[in-house]
Structures are given as structure tokens and as C-alpha cells.
Amino acid sequence: MLLRRRVDRILNIEEMREQARWLPRAVFDAIDGAAGDEITLRANRTAFDRIWLRPRALADVSTRNLSTTVLGQAISMPLMLAPCGFARMANSQAELAVARAAGKAGTLFAVSGSASYLVDEIARSATGPLWYQLYLPPKQSDAASLIDRVEAAGYGVLCITIDTAVTPKRERDYRNKLTVPLKMSPRLLWAGMSNPVWAKDFVMGNVGTRGVAPGVVGGARTAYWSFAKTVQSMRPVTMRDLERLRSRWKGKVVVKGIMRGDECGAIVDAGVDGIVVSNHGGRNLDCVRPSIQILPEVVDAVGGRAEVYVDSGIRRGTDVIKALALGARACLVGRPYMFGLAVGGEAGVSRVLEIFRNEIEHSMALMGCATVNDIDASMVTAA
Ligand SMILES: Cc1cc2nc3c(=O)[nH]c(=O)nc-3n(C[C@H](O)[C@H](O)[C@H](O)COP(=O)(O)O)c2cc1C
């Protein structure tokens, strides 16, 4: 029996995860789970655990400044919110709540191409910077109209996810018979009956949102049960698509899902401004290397011609220090804020951001770093 805590009493991200177990099992697993045997999911964590910190002595850290910039945009700390679809499953306020919490914390939110609210609605809720994460629709004309709409809504950065060529296989979802679109089944009925608080929020939150606007995928208002229409109708991104998107989009372009350094030269040559080293939190292809292990080779290959960010497995302020020391400009987190959203809506996401901010600041002080620029490669070692 889970004892539910007030969000301000939740001490760390793992506790937030445990608190999120109040969700129906299938929903918790849809957020927490990963592909195949979940080898990469676990490796993302153990890889961080194998990196050791080397603090600098005698530095003046009486004041600390966590702020930095990403693509010229000031953010209050080197931690941003990664694009996550499925958000309405966790809380009916979904991206609206996440955008508000990110704005209050002074950081950036990358809105998923499978978001459950319209891109314009999310933009109106936001007080901070937004990226728009794109899953490429099959039809060229749909991609063009989607991009125009995102641009008109005021998003400054297009973040193209390139690691999801086909629908991933997450066995927990198969086991739980979690189908997208969600179909009424005895199992779902039972989940709703045994968790009426969740069921009420989910059903009420979906009223009036059924269906996807014809011909528009990604960023259309989608009920959770129509989520699959956006996912199943996307297509793999090729170099040619990347070039096309680059010439169409006027703002900055980020590519998310890079897992090796040797292709980064061509990607940067195509006019990309930022690269997210990411294995999708282990949710797509199992057995790829942990992102934090890939990061140095990408930083090396990019050679300062684009900004490099990293996600997958970041759960502590010390993880952020390690990533910055290995060359990342900033980090992104996915599951941590999805757990926060499930536990306390906007307040839960805010608490997650507060936990990270406190931990980053505390670790910086103990590392002898007054600013994020003081974090350098000498501060980590594998042995
Ligand atoms: C529930 C969930 C939904 C996600 N949906 C998307 C998505 O729509 N687009 C995308 O590029 N990445 C998506 N991701 C991956 C995240 O953007 C991010 O790469 C990953 O969560 C980072 O790992 P972490 O969860 O260990 O922080 C999703 C992740 C989760 C947990």
C-alpha cells in the first residue's frame, strides 16, 4: 500500500518515481518502461554511477550562479524538459501544466510532437522558452503546414527526433495490454474502477478532445486514445528530409537522438544548430550505449560548431555536473518530470525542477564551481 506524500515532502527523483505508482499499473509502466530487456534503461543509470567527481579545492563559492544559455536563450539552470508524449495519461493538464512549471522555474520545455494539446494552446500557457519536437508526417504537405503552424505559434526552435523510424516495442506495454488507441477492455475498466481519482481526471480531461484534425498530425489536439494516429503515421527522417526542413524552418534546428559521433559532421554541415545525444531513455532500440558514454565522442566530432545536449538517465544534480564536465551545454530529463506531473500536476513538475536546482547548486558548491562555466573536463574521471 503506497503512502502518498505531499509534493514538498518528496526528497528526490527516485521518491517521486515511487510516488507515481499511484497511477494504474499500465500507465506507470508506459512512462517508466523501456524497450526489449531494458538493458539500455539500466545502463543509462550505471554509466552515470561509474563516473567519479574531482572537486576543486579553495574556490570561492560563496555565491553560485546556475544560469546559462541554449542557442542564445537564457535559462536559469542547465536542465531542460525533454519532449514526452503520453502526458495526458499522467494528468489531464498535461503540457499546459508542464509549460507553466517550466516557465516559473525559468527553464525550457521541448513540446512533444505527440502532445495532447494544440501547439498554440501550449504556447499560450507558457511563460518560458519552448522548442517544438517534430515527428515527421508521411505527407510532405502535412509537414509543411505543421511547421507553419508551429512557427506562427511562436516556437523558436524545431527539434527533430530522428531515432524513431518505427513504433518501438516496449514489452511492459504488451504485457499490460496497453493499446494505442486505448480500447475499452475489461482490464481498462478494472483499472478505472480500482483508481477512480485517476479515472475521473483521465475521462474528464479527455472530454471534447476526441479525434485528430483531418490531415494534421503532431501538434493537433489529440485525445490519448488517438495518440497512435500521430505515432503510427510518422515516417523515418532521412538526410534529405533534414535538409528540406532546415531550409523551410526559419529559426534554429536541433536534432535529437544522435548515438554516434561519426555522423555529426554531416549533420552540422546541413545547418543544424544543436544536437541532443539521446537513446530516448532506452525506450526505442535496446542495447545501444548509454548516452553519457556517447557524449564525449559527439562533443569531439562537433568541435564547437553546434551546441551539444544530453538526456537519458539523469536523476541527480551530480549527473548534470558530470554531463557538463563531459562537454554538454545542458541536460534534458523526461521521466522525472512525467512522474512529477503524475504525482502533483503543475506543483509536481515544479517540485522536480526545484529538487534538480537544489542538487545542482549544492553539488556545484562542493565541486568548487561558482558558475556553470567553472565545470570542466578535469572534474570527472572513470577511475
Ligand atoms: C512517457 C515518455 C514519452 C516520450 N515521448 C517522446 C516524444 O514524443 N518525442 C521524443 O522525441 N522523445 C520522447 N520521449 C523521450 C524523451 O524525450 C527523452 O529522450 C527521455 O525521456 C530521456 O530519458 P529519461 O526519461 O531517462 O530522462 C519520451 C519519454 C517518455 C518517458
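1. The chain has 383 residues and a radius of gyration of 20 Å, which agrees with the value near 21 Å that a compact globule would have; the radius is taken over C-alpha atoms, and the globule rule is 2.2 Å times the number of residues to the power 0.38. Along the principal axes, the C-alpha atoms fill a box of roughly 60 × 50 × 40 Å.

2. On provenance, this is a predicted model, in which local features need pLDDT of at least 70 and side-chain atom pairs count only at pLDDT 80 or more, whereas totals for chains, interfaces and linings use all residues. Residues are numbered from 1 along each chain as its sequence is written, and side-chain values use heavy atoms, with hydrogens and water left out.

3. The secondary structure comes to 16 helices and 12 strands, these being DSSP runs numbered from the N terminus (helices H or I, at least four residues; strands E, at least two). Of contacts between residues at least 6 apart in sequence, 72% join residues at least 24 apart, a contact meaning heavy atoms within 4.5 Å.

4. Of the 383 residues, 59% count as buried, that is, under 20% relative accessible area with a 1.4 Å probe and protein chains only. The chain exposes about 16200 Å², of which carbon and sulfur atoms supply 56%; accessible areas come from the Shrake-Rupley method with a 1.4 Å probe, and for residues only the protein chains shown count as cover.

5. Helix 15 (residues 317–325) has 8 of its 9 residues buried, so it is largely enclosed by the rest of the structure. Just after helix 15, Gly327 takes a positive phi of about 110 degrees.

6. The ligand is surrounded by 24 residues, the closest being Pro83, Ser112, Thr161, Asp311 and Arg315, where a residue is near if one of its heavy atoms lies within 4 Å. This shell divides into 9 nonpolar, 10 polar and 5 charged residues, and helix 16 (residues 335–367) gives the largest share of it, 3 residues.

7. Taken alone the ligand exposes 600 Å², and the protein buries 98% of that.

Note on methods. Nonpolar A, V, L, I, M, F, W, Y, C, P; charged D, E, K, R; others polar. Buried < 20%, exposed > 50% of the residue type's maximum accessible area, 1.4 Å probe, protein only.
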